[in-house]
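Biologist: Can you walk me through this one? I'd like to start where the chains meet.
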Amino acid sequence: MPLREKSDEELSKLLSEYGITHGPIVDSTRKLYEKKLEKAMEDAPVEVPSPDKTFYREEVEEVTYITYHHSPVRQEVNSDVVRRRGNAEPDKEEEPLQYTEPPVQISKRTANHSAAPGMKESGCSVWKGVRLLLLLAVLAAAVYYAYCRVVNNEEDPSGIQ
Amino acid sequence: MSTTSQKHRDFVGEPMGDKSVTSLSGIGEILGKKLEQQGFDKAYVVLGQFLLLKKDSEMFSEWLKDASGANSRQAGSCSQCLREWCDAFL
């Protein structure tokens, strides 16, 4: 559709899309804007609309990722849970559990995409630190106990002597 | 940047009132006539167009070249003159 047949609003929208600052489109300005737009379209026929598309695609990607991740994973896990527990317990009690468990999994999975790797590493290092501290504490306690015994042993004979 | 003409200083120095389109810097007899034929008989009508184009000198120059057949120097002179007038009086 030629620019000349487009409405003022359409023209204004196109101008904005092509990043051309413009005022009102009236009889005296229309011709100039048509010319400017034509030039811009010739210079960048694909370039200008594409940034918009990629921008949207990114947004959509995020959404689809989340949906893709919960449905299959959740179902598999749940069916496993149901199968395992179904033998021992009635199904009716399982159902509320099914609905409470999945949200937790979803949040974990979505978090995994962005923050989880860092979180895991820091969590690991914290755990290592705690373990080390516990080990040191146990060692210190053992050494102290041994020392006390030795001192007592030394004192006792001296007391006797 | 070219030095400003006497015509430029005269126009920018006071409110434009009812001045004709030819009082604009860069607009002589011939260009003035062409503009008048399109309804731009007064300087303030051209100012209106300048304002419609959001005081964009580049856009205005382009328009003036199309509308009156002005060359780049003339169009640039006219838009500079209108811009400075706006800075002073708008």
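**Where chain B meets chain A**

Modeller: Between chain B and chain A, three residue pairs are in polar contact, with both residues at pLDDT 80 or more. Keep in mind that this is a predicted model.

Biologist: Which elements give two or more residues to the side of chain B that touches chain A?

Modeller: Helix H3 (43–52) and helix H4 of chain B. H4(B) gives the largest share, five residues.

Biologist: How many residues are in contact on each side?

Modeller: 11 residues of chain B are in contact with 12 residues of chain A. The area buried between the two chains is about 1,000 Å². Carbon and sulfur atoms give 59% of that area.

Biologist: And which residues in chain B lose the most area to chain A?

Modeller: B:Leu52, B:Met59 and B:Glu62. Together they make up 50% of what that side buries.

Biologist: How many salt bridges cross the interface?

Modeller: The rule finds two between chain B and chain A. The side chains of B:Asp66 and A:Lys35 also meet in a salt bridge, at 3.0 Å from N to O.

Biologist: New topic. What is the secondary structure of chain B?

Modeller: Five helices and zero strands. Along the sequence, the pattern reads α-α-α-α-α.

Biologist: How much of chain B counts as buried?

Modeller: 41% of its 90 residues. Now take the contacts in chain B with a separation of 6 or more: residues 24 or more positions apart account for 52% of them.

Biologist: Let's pick one helix. Which residues of H2 in chain B are buried?

Modeller: H2 of chain B spans residues 29–37, and its buried residues are B:Leu31, B:Gly32 and B:Leu35. Seen down the axis of H2(B), they fall within an arc of 100 degrees, so they line one face of the helix.

Biologist: What do those buried residues pack against?

Modeller: Two helices of chain B: H4 (57–68) and H5 (72–89).

Biologist: And which exposed residues sit on the face turned away from the buried side?

Modeller: On that face of H2(B) you find B:Glu29, B:Ile30, B:Lys33 and B:Gln37.

Biologist: What follows H2(B)?

Modeller: B:Gly39 follows H2(B), and its phi is positive, near 95 degrees.

Conventions
Residues numbered from 1 in each chain as written. Chains lettered and ligands numbered in written order. Predicted model: local features only at pLDDT ≥ 70, side-chain atom pairs only at ≥ 80, totals over all residues. Heavy atoms only, no water. Buried < 20%, exposed > 50% of the residue type's maximum accessible area, 1.4 Å probe, protein only. Helix = DSSP H or I, 4+ residues; strand = E, 2+ residues; numbered from the N terminus. Arc of directions from axis to C-beta. Contact = heavy atoms within 4.5 Å. Buried area = accessible area lost by both parts, 1.4 Å probe. Salt bridge = Lys/Arg side-chain N within 4 Å of Asp/Glu carboxyl O. Polar contact = N/O pair within 3.5 Å; in protein donor to acceptor, adjacent residues only side chain to side chain.
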